[in-house]
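Welcome! Have a look at the model first, then read on.

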Amino acid sequence: MRKPTHLEKLYLDFDSFFASAEQQLNPALRNRPIAVVPLDSPHTSVIAASREAKPFGIKTGTSVRDARELCPDIVFLEARPDVYVKLHNQILTTIETCVPIAAVRSIDEVACTLLASEAKDPHGLAARIKRALHDEMGAVLTCSIGVSLNELLAKIAAEMDKPDGCVVLDHEDLPGRLFDLRLKDLPGISKGMEQRLGQAGVNDVQGLWALAPKHARAIWNSVEGERFVTALHGYAVEKPETVKRMFGHGRNLPPDWRAPDKVLQCARLLCLSAARRLRRSHYRAGALSYTVGVRRDSRVTMEGQFRPARDDHSFLNCLNTLHEKMVKADEMRNISSVTVVLHDLSSETEESQDLFDTHAVTEQRSQWERVSDMLDKVRVRHGSKALNLGLTTGPGNYIGSKIAFGRIPEPEDF
């Protein structure tokens with residue numbers, strides 16, 4: 001295991017990105033408590049709160065009702081993913097004028113690998129990045145920067161002095177400066193993982209630091225635990241490349257979208273969006289999962305399998321069949337969310353042939369693939385609602401283009 005001889009990673013994390021973006025673009029919103037929500041509904045929750053809203057106790061996950069009670073003057077804004085993605089791309093270009101980006105971790109987080117010469121003055125490099133962003137993007141879109149021996153420690157450092165901070169963690173800072181943090185302050189330590197660590201007798205960062213890597217692996221029940229503790233000690237731990245396993249989208253449903261026909265309409269739009277992403281990535285799918293969630297936090301999932309396909313027609317036929325089964329099984333009651341996932345992936349070029357397929361069946365599948373490709377091209381050229389198989393109206397304005405952690409929509413998604 002290699003221990004770096006110099007600071008190797010810089011992690012940049014924007015402060016309240018969605019809310020700050022709205023304030024940057026609309027000066028009338030500056031210095032006011034605002035909250036960004038996924039759709040214009042009193043029954044949804046906050047996905048980003050501005051700096052002015054956070055002192056009231058408003059944070060990600062706070063319901064609109066609770067946020068309004070905590071801060072009667074708060075302004076709610078429906079998220080605009082297409083706007084945030086454009087800003088994100090401009091931000092990447094600006095950062096790269098100062099230092100190359102090694103990995104984009106989310107819409108508002110990037111990791112950079114430093115040369116030994118760049119690592120000699122980490123605070124100076126951070127100041128140059130912040131100055132370039134200020135000059136190009138404006139004063140409201142601030143970021144916090146962490147510099148350390150590996151990406152985990154750099155990410156931890158970026159969280160230690162928010163907003164608009166800069167923290168450097170070198171060998172001599174370990175483990176002392178980490179001991180001021182709580183377990184839940186560390187990235188990757190969810191509430192469930194904190195409970196699991198507590199059951200193993202680990203209740204603070206000191207206890208986590210003292211864990212043997214193999215013991216951490218057992219607690220995590222995964223090699224990720226061993227990697228986490230090893231990285232915490234300052235060793236270079238590279239993340240393995242992830243293998244794509246599925247394409248899917250989910251949506252929470254407002255009350256007026258919970259009838260079975262409305263649920264299906266939303267599910268079809270989610271399915272079509274996932275299918276377009278699948279084609280752009282040159283995959284086929286051999287299975288589709290259809291999940292509906294109810295308010296009491298239970299879910300029902302049905303799955304359909306089919307010959308590996310890449311066309312909208314095959315996926316929608318499967319979805320319609322699963323929806324009918326859901327209705328017949330009386331599962332379409334008190335629905336609050338819907339998710340569609342295409343999985344069992346194979347390469348686009350690995351088309352399997354069924355020995356019992358007639359020439360007519362094969363030709364029909366090829367025709368539907370050509371139709372799907374044509375629809376994709378029309379949407380790219382003329383807009384997301386220019387041509388579609390079925391209705392284009394859904395709950396909210398951005399069906400299937402939600403910004404998820406680790407996945408940033410492409411322009412074609414809008």
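Two strands are said to pair if DSSP finds at least two bridges between them. With that in mind, please note that this is a predicted model. Its strand S5 and strand S6 (residues 109-113) run antiparallel and are joined by 3 bridges.

**The open sheet**
- S5 and S6 belong to an open sheet of 5 strands, ordered S5-S6-S1-S7-S8, with mixed pairing.
- Strand S5 (103-106) and strand S8 (166-168) each have a single partner strand, so they stand at the edges and one side of each lacks a neighbour in the sheet.
- From one strand to the next, the twist averages 15 degrees.

- Helix H6 (residues 151-159) lies across S1, S5, S6, S7 and S8, and runs at about 140 degrees to S7.

**The S2 and S4 pair**
- Strand S2 (residues 34-37) pairs with S4 in the parallel sense, over 4 bridges.
- In this pair, Ala35 stands opposite Phe76 in S4.
- In a regular strand, side chains alternate between the two faces of the sheet.
- Strand S4 (residues 75-78) has Val75 and Leu77 on a covered face, while Phe76 and Glu78 are on an uncovered one.

Notes:
Residues are numbered from 1 along each chain as its sequence is written. This is a predicted model: local features need pLDDT of at least 70, side-chain atom pairs count only at pLDDT 80 or more; totals for chains, interfaces and linings use all residues. Side-chain values use heavy atoms; hydrogens and water are left out. Buried means under 20% relative accessible area, exposed over 50%, partly exposed in between (1.4 Å probe, protein chains only). Helices (H or I, at least four residues) and strands (E, at least two) are DSSP runs, numbered from the N terminus. Axes are lines fitted to C-alpha atoms, for helices over the stretch in contact, and angles run from 0 to 180 degrees between N-to-C directions. Contact means heavy atoms within 4.5 Å.
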